[in-house]
Amino acid sequence: MNFSNKTFGVEFEGFGVRQTDLKTALRNAGINADTASYSNRDASYWRIKHDGSIRGSNGFEIVSPILQGETGLDEMNTVLRVANELGADVNSSCGFHVHWGVRGWNLGNFRNLAARFVKFERA
């Protein structure tokens, strides 16, 4: 599989860092990021949103734009590194979601995905 053509998006949840501090640090690291309302769906930049479901002070969710290939992975790693350097933390109320682009998939690909979901759901 040629990963360079694959698109994906990610959502990270955490706590312990103010949204404005996260935005500033991400921008300083070259990431196009801004704070956003919960209903904001503009996928042209990294959105930092309040998340009231997170246990811990300053709960947040970081939502990526559409990413692609190794460049997207590098950008994602930068976002995670910056959040970690600021002291962001996670607990069982936090999640990490991946949205995988499926352009070009066939029925066999979807069957494989469903089988893996069932197998690893509890993990």
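# A guided tour of the predicted model

The protein exposes about 7900 Å², and carbon and sulfur atoms supply 50% of that area; accessible areas come from the Shrake-Rupley method with a 1.4 Å probe, and for residues only the protein chains shown count as cover. The model is predicted, so local features need pLDDT of at least 70 and side-chain atom pairs count only at pLDDT 80 or more, whereas totals for chains, interfaces and linings use all residues. Residues are numbered from 1 along each chain as its sequence is written, and side-chain values use heavy atoms, with hydrogens and water left out.

**The whole chain**

Begin with the C-alpha trace, which spans about 45 × 30 × 25 Å along its principal axes. Colour it by secondary structure to find three helices and six strands. Helices (H or I, at least four residues) and strands (E, at least two) are DSSP runs, numbered from the N terminus. Followed along the sequence, the pattern is β-α-β-β-β-β-α-β-α.

Of the 123 residues, 37% are buried; buried means under 20% relative accessible area, exposed over 50%, and partly exposed in between (1.4 Å probe, protein chains only). Among contacts with a separation of 6 or more, 66% are between residues 24 or more positions apart, a contact being heavy atoms within 4.5 Å.

Next, display the charged side chains. The mean positions of the 14 positive and 13 negative charges are 7 Å apart. Lys and Arg count as positive and Asp and Glu as negative, while His and the chain ends are not counted; the place of a charge is taken as NZ of Lys, CZ of Arg, CG of Asp or CD of Glu.

Select β1 (7-14). Seven of its eight residues are buried. Two strands pair if DSSP finds at least two bridges between them, and β1 may be followed from one partner to the next:

- β5 (residues 67-68) runs antiparallel to β1 and is joined to it by two bridges; T7 stands opposite Q68.
- β6 (residues 96-100) pairs with β1 in the antiparallel sense over five bridges; F8 stands opposite W100.
- β4 runs antiparallel to β1, with four bridges between them; E13 has E61 as its bridge partner, and G14 stands opposite F60.

Move to β4 (60-63).

Between β3 and β4, select N58, which is found in the loop joining them. Its phi is near 55°, a positive value in a residue other than glycine. Most residues other than glycine have a negative phi. N58 is partly exposed, with a relative accessible area of 42%.

**Helix α1**

Just after α1, select G30, which takes a positive phi of about 90°.

**The nonpolar core**

Finally, show the side chains of V10, L22, L26, W46, I62 and M76. Of the 19 residues in the largest nonpolar core, these touch the most other members. A nonpolar core is a set of buried Ala, Val, Leu, Ile, Met, Phe, Trp, Tyr and Cys residues joined through side-chain atoms within 4.5 Å. In soluble globular proteins, nonpolar side chains tend to be buried together.

End the tour on V10. Which residues does V10 touch, not counting those up to four places away in sequence? They are W46, I62, V63, S64, L67, M76, F96, H97 and V98.
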